[in-house]
Amino acid sequence: MHIVAILGSARKNGTSARIARAFTETAVTYGAAVTEYPLNTMQYRGCQGCEGCHTRSDRCVLRDDLTPLLDQLYRADVVVFAAPVYFGDTCGQFKCCYDRLWSLMDVQVGQGPGESRLPPGKTAVLILSHVAPAGTHSDVVDRYTEGLELYGFTVQSLTAPGLRIEPNTDIDPHLARAAALARELMRAG
Ligand SMILES: Cc1cc2nc3c(=O)[nH]c(=O)nc-3n(C[C@H](O)[C@H](O)[C@H](O)COP(=O)(O)O)c2cc1C
């Protein structure tokens with residue numbers, strides 16, 4: 001089982017990263033291999049909207065630190081998408097990476113989205129953390145779930161709402177949920 005973990009927050013040990021690691025570290029005990037991408041340490045640009053991935057190539061034509069990440073998504077069994085909510089969406093580092101997933105979609109220019117280029121059978125674990133009470137940002141969860149489903153992922157979401165702003169705030173129940181999800185997926189896989 002190969003897991004790619006995309007960590008969107010600049011806070012290396014913030015809430016979304018810790019929940020993601022509770023998932024991946026549990027999965028490792030079941031024999032999973034994990035490749036972690038802490039986006040804030042990487043150099044990359046957002047999608048240029050050039051449609052090069054649908055006209056000149058079947059991959060994103062930008063060459064930067066997201067290139068190996070996007071390549072690995074073709075081989076990954078599980079992809080962890082972890083980010084804090086900033087101003088009612090994911091944080092910018094995550095969103096710029098997420099937009100680049102457009103190259104994973106087979107699009108006939110002028111006809112809109114077609115089929116995902118990814119092999120089927122992949123699971124996405126969507127982890128979103130925020131301070132507002134539960135339900136406040138359910139639109140964010142819904143939008144990213146629907147988006148990831150377009151790429152063919154089966155989406156499992158772990159939302160951590162109502163948190164204190166400090167990165168080291170107590171999130172034990174969320175860590176436990178993430179570990180439980182990892183056990184469930186690894187036993188099933
Ligand atoms: C610039 C900025 C914008 C934020 N916007 C929101 C928001 O719209 N809604 C919310 O509930 N929390 C918001 N927060 C709080 C973060 O979502 C929250 O602290 C989150 O748990 C941080 O995750 P992290 O520790 O993984 O970075 C914001 C924080 C920052 C720094």
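Predicted model: local features only at pLDDT ≥ 70, side-chain atom pairs only at ≥ 80, totals over all residues.
1. The ligand is surrounded by 18 residues, and the closest of them are Gly14, Ser16, Pro84, His130 and Ala132. Sorted by class, this shell consists of 10 nonpolar residues, seven polar residues and one charged residue. Helix 1 (15-29) and strand 3 (78-86) each contribute at least two residues to the shell.

2. Helix 1 is largely enclosed by the rest of the structure, because 11 of its 15 residues are buried. The buried residues are Thr15, Ser16, Ala17, Arg18, Ile19, Ala20, Arg21, Ala22, Phe23, Thr24 and Ala27, and Ser16 is also one of the residues closest to the ligand. The packing partners of these buried residues are strand 1, strand 2 (33-38), strand 3, strand 7 (123-129), strand 8 (154-160) and helix 6 (172-188).

3. The length of helix 1 agrees with expectation, because its 15 residues at 1.5 Å a residue should span 21 Å and its end C-alpha atoms lie 22 Å apart. After helix 1 comes Gly31, which has a positive phi near 95°.

4. In helix 4 (residues 92-100), the buried residues are Gln93, Phe94, Cys97, Tyr98 and Arg100. These residues lie on the same side of helix 4, because the arc they cover around the axis is only 155°. In general, an α-helix has 3.6 residues a turn, so residues three or four places apart point the same way. The cover over the buried residues of helix 4 includes strand 1 (2-7), helix 3 (66-73), strand 3 and strand 4 (89-90).

Definitions and conventions: Residues numbered from 1 in each chain as written. Near = placed C-beta within 6 Å. Helix = DSSP H or I, 4+ residues; strand = E, 2+ residues; numbered from the N terminus. Nonpolar A, V, L, I, M, F, W, Y, C, P; charged D, E, K, R; others polar. Buried ≥ 20, exposed ≤ 12 C-beta atoms within 10 Å, placed from the backbone. Arc of directions from axis to C-beta. Contact = placed C-beta atoms within 7 Å. Expected span 1.5 Å × (residues − 1).
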